[in-house]
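This report covers strand pairing, helix packing and chain contact in one model. The sequence and structure come first, followed by the conventions and the findings.

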Amino acid sequence: MSEKAIICKDLTKQFGDFKAVNKISFDVGQGEIFGFLGANGAGKTTAMRMLCGLSFPTSGEASVAGFNVYRQQEKIKASIGYMSQKFSLYENLTVYENIEFYGGVYGLSRKEIRTRGEDLVNRLGMVNETKKLVAGLPLGWKQKLAFSVAVFHRPKIVFLDEPTGGVDPVTRRQFWDLIYEAAADGITVFVTTHYMDEAEYCHRISIMVDGRVEALDTPAGLKSRFKANSMDEVFYQLARQAQRSGD
Amino acid sequence: MQPSVTLKDIVMTYDKGRVKAVNRVSFDVQHGEVFGLIGPDGAGKTSIFRMLTTLLLADSGSATVEGLDVVKDYQAIRNRVGYMPGRFSLYQDLTVHENLQFFATVFNTSIEENYDLIKEIYEQIKPFNKRPAGKLSGGMKQKLALCCALIHKPEVLFLDEPTTGVDAVSRKEFWDMLKRLKEQNISILVSTPYMDEATLCDRIALIQNGNIMSVDTPQNILAAFPEKLYAAKAKDFYSLLKQFRSDPAISSCYAFGEYVHLTLKDEAKNESFIKELADKYGAEEFEVKIIAPTIEDSFIRLMREDDGSPVQNTAMHE
C-alpha cells in the first residue's frame, strides 16, 4: 500500500488538564481495513472526531485523504463517509429519499444519484422497499443501507463507529461482506467495534488505552506478541490496565 | 418447589396485532438460576421483560413470578422483583446517593438495611456519591442501576441487556458480579445480544423473531449441533470465504474471526476433502481442523433451520 489514507503524528486533544487523546501516531494505507479498538472512555470517539474534521487537535499533526486536519476540514468532510449506530439515516424519509438526500449533500448530479441509487438498491436486494419509510425497516437492513449511503459518493475513507451492534449473527456477517467489497474497491475502512471476532477481520488493529495507542499490528501479530489465543485475550490484557473509565 | 418464573404460550403483538413480537413463548426459570435470553434486537426480549415485570400485558398465555400471576397479582410482584431496563432509567439529575436513597424509600426500606447485598458493587461507585447520575461513565451507570435494582432485596432480578455497548473488560466484571448475586439465591433472568456471554448462564433460551429456537443448558445446546464442524483459514481470507460459500459441496460457511467455520453436505467426507477443495481454488497457507461449535454456530444453525437459508436469499451473496 503505497498511498496513505490517514497519517497521524503525535495527535493530541486536551480538555483542560485532561488529555483525552495523548500523542497518537499511526498511518492507514489506502484500501486497508483498520480496526480502532479501545475500552469505553479510552479516547476513540475524540480521536475519530479530529480525523473527520469535526474538532481541532490541541497539538500534533494529521492528514486525512491528503488534507490537513487544522486547515482543510471541509475538504476532509467531502472526502470521507461516516456511519454510526446512533445516527445515520432519516427515519421518516423513505429509503430512496435518504439516498437522494445524501447524494445531494455530497454534490452528486441527479443522473449519478439515479444510476448509482438503482445499482445500490439492487445490490442490497431492496428494490421493493425503496418507497418505504426507513423507520419500518429491520435493524439489519437499516445498517446495510446506512453503510451504502455512507459510501455512496465513493469517498476515499469511510469511518464506521460501532456499525454492527444488536443484529443477529448472520446479518452481522453480511455487513462485513459490504465492508470487504468497499475495501476491495479501494475505499479505506476505519472501524470501531466491541465484537472481538470482528477485530480479526481487520487488516490491522490499534488498541487505545487511556488516550494512547498501546498496540498496533495485524491480528496475528498482536496475538503472538501477547501470547494470546484470541483478540479477546489481547484486548483484555491491555484494557484492564486502564486507569480511567467511561464516556 | 415451583419455578421462580414461568411462561406458558405467551403471545404479544403491537400495532393492533399487525406486529408479532412474541410468538407462543414458554420457559421456566428455576430458583437461584442465571437464565439467559440470547438473541438480537427485535427478537422479543424486551417485550418478555416488560410482561414479566407487569408493565405490559400479553395478548394470550399465562406467566407467574414467584408463584404470583402477572395480571392478578401485579402489585405483589412489583415488590419482589428488581428490574434493570435496557435504557438507562435512573434520574440523571439526582446524584448517585440520591438515586439509591430514592429507590430504597420507594420500596419502603433503607440503604443500610440490605447494604450487604450491594456493598461490593456500591463501594466501586461510592467515591462518586455526589456526582449526578447523568455524568457517570457507562460502566458506572450500569453499576448504579444494578444497585438500585437490588436495594429492596428482590427475589428475582430482571436484567435487560445490561452489557450492551459496554467494553469487553466491563462486561467481564459485570458477569462476575452476577455470579456472586446468584450465590445469594436470587433468580436472574438476563438478556444479551452477545453470544459469547451465553456460556456464563446456567440455562439459555435462543430467541429470534419472537420464537424460541431452543431452551437448554449451553453445554446441551452445543452438544446438539448435528454435524461435524470445521475451521479453515488461508492467506487470502475473503477469497476463501467467497469460494467456499458458493461451492456446492459445502453446506454452510461463515466467518468467525480469522477462520471460516463450515459444514459439508456429505458427512462421510473429511478434512482431506476440504484440503482438496482449497487446492482447487489455489488457496495459500491453508489450514483446516475439526472444532467444537460455539453458541454462535448453534444460533446460526437454528436460524437457518427456522426459515430456510437466510444467507442465500438476501441478495448480498450472488
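## Conventions

Two strands pair if DSSP finds at least two bridges between them. Helices (H or I, at least four residues) and strands (E, at least two) are DSSP runs, numbered from the N terminus. This is a predicted model, in which local features need pLDDT of at least 70 and side-chain atom pairs count only at pLDDT 80 or more, while totals for chains, interfaces and linings use all residues. Residues are numbered from 1 along each chain as its sequence is written, and chains are lettered from A and ligands numbered from 1 in the order in which they are written.

In chain A, four strands make an open sheet in the order 2-1-4-5, and their pairing is antiparallel. Strand 2 (18–29) and strand 5 (67–68) of chain A are the edge strands, each pairing on one side only. Five bridges connect strand 1 (residues 4–15) of chain A with strand 4 (residues 59–64) of chain A in the antiparallel sense. Opposite A:Lys9 is A:Glu61 in strand 4 of chain A.

In chain B, strand 1 (residues 5–14) is joined to strand 4 (residues 60–65) by five bridges, and the two run antiparallel. B:Val11 has B:Ser60 in strand 4 of chain B as its bridge partner. Strand 1 of chain B also pairs with strand 2 (residues 19–29) of chain B, again antiparallel, over seven bridges; here B:Val5 is partnered by B:Val29 in strand 2 of chain B. Strands 1 and 2 of chain B form a hairpin with four residues between them, and B:Asp15 in the turn has a positive phi of about 60 degrees.

## Domains of chain B

Chain B is divided into domain 1 (5–216) and domain 2 (226–292), with bounds that come from an automatic or database domain assignment. The centres of these two domains of chain B, taken over C-alpha atoms, are separated by 40 Å.

Another open sheet, in chain B, consists of four strands in the order 12-13-11-14 with antiparallel pairing. Strand 12 and strand 14 (287–291) of chain B are at the edges with a single partner strand each, so one side of each has no neighbour in the sheet. From one strand to the next the twist averages 25 degrees.

Strand 11 (residues 229–233) of chain B is joined to strand 14 of chain B by five bridges, and the two run antiparallel. B:Tyr230 stands opposite B:Ile290 in strand 14 of chain B, and B:Lys233 has B:Glu287 in strand 14 of chain B as its bridge partner. Three bridges link strand 11 of chain B to strand 13 (residues 259–264) of chain B, also antiparallel, with B:Ala231 opposite B:His261 in strand 13 of chain B. Helix 9 (residues 271–280) of chain B lies across strand 11 and strand 14 of chain B, at about 150 degrees to strand 14 of chain B. Axes are lines fitted to C-alpha atoms, for helices over the stretch in contact, and angles run from 0 to 180 degrees between N-to-C directions.

## Helix 5 of chain B and its neighbours

The axes of helix 4 (residues 115–125) of chain B and helix 5 (residues 138–150) of chain B come within 9 Å and cross at roughly 150 degrees. These two helices of chain B are therefore roughly antiparallel (angles under 35 degrees count as roughly parallel, over 145 as roughly antiparallel, 65 to 115 as roughly perpendicular and the rest as oblique). Helix 4 of chain B passes helix 5 of chain B in a left-handed crossing; a crossing is left-handed if the near helix is turned anticlockwise from the far one by less than a right angle, and right-handed if clockwise. The residues of this contact divide into ten nonpolar, one polar and one charged. Ala, Val, Leu, Ile, Met, Phe, Trp, Tyr, Cys and Pro count as nonpolar, Asp, Glu, Lys and Arg as charged, and the others, Gly among them, as polar.

Helix 3 (residues 96–106) of chain B has an axis that comes within 8 Å of that of helix 5 of chain B, crossing at roughly 20 degrees. Helix 3 and helix 5 of chain B are therefore roughly parallel, and their crossing is right-handed. B:Val96, B:Asn99, B:Leu100 and B:Phe103 in helix 3 of chain B meet B:Leu144, B:Cys147 and B:Cys148 in helix 5 of chain B.

## Contact between the chains

Between the chains, 31 residues of chain B are in contact with 32 residues of chain A (C-beta atoms, placed from the backbone, within 7 Å). Helix 5, helix 6 (168–182), strand 12 (250–256) and helix 10 (295–306) of chain B are the elements that give two or more residues to the side of chain B that touches chain A. Helix 10 of chain B gives the most to that side, with four residues.

Note on methods. Contact = placed C-beta atoms within 7 Å.
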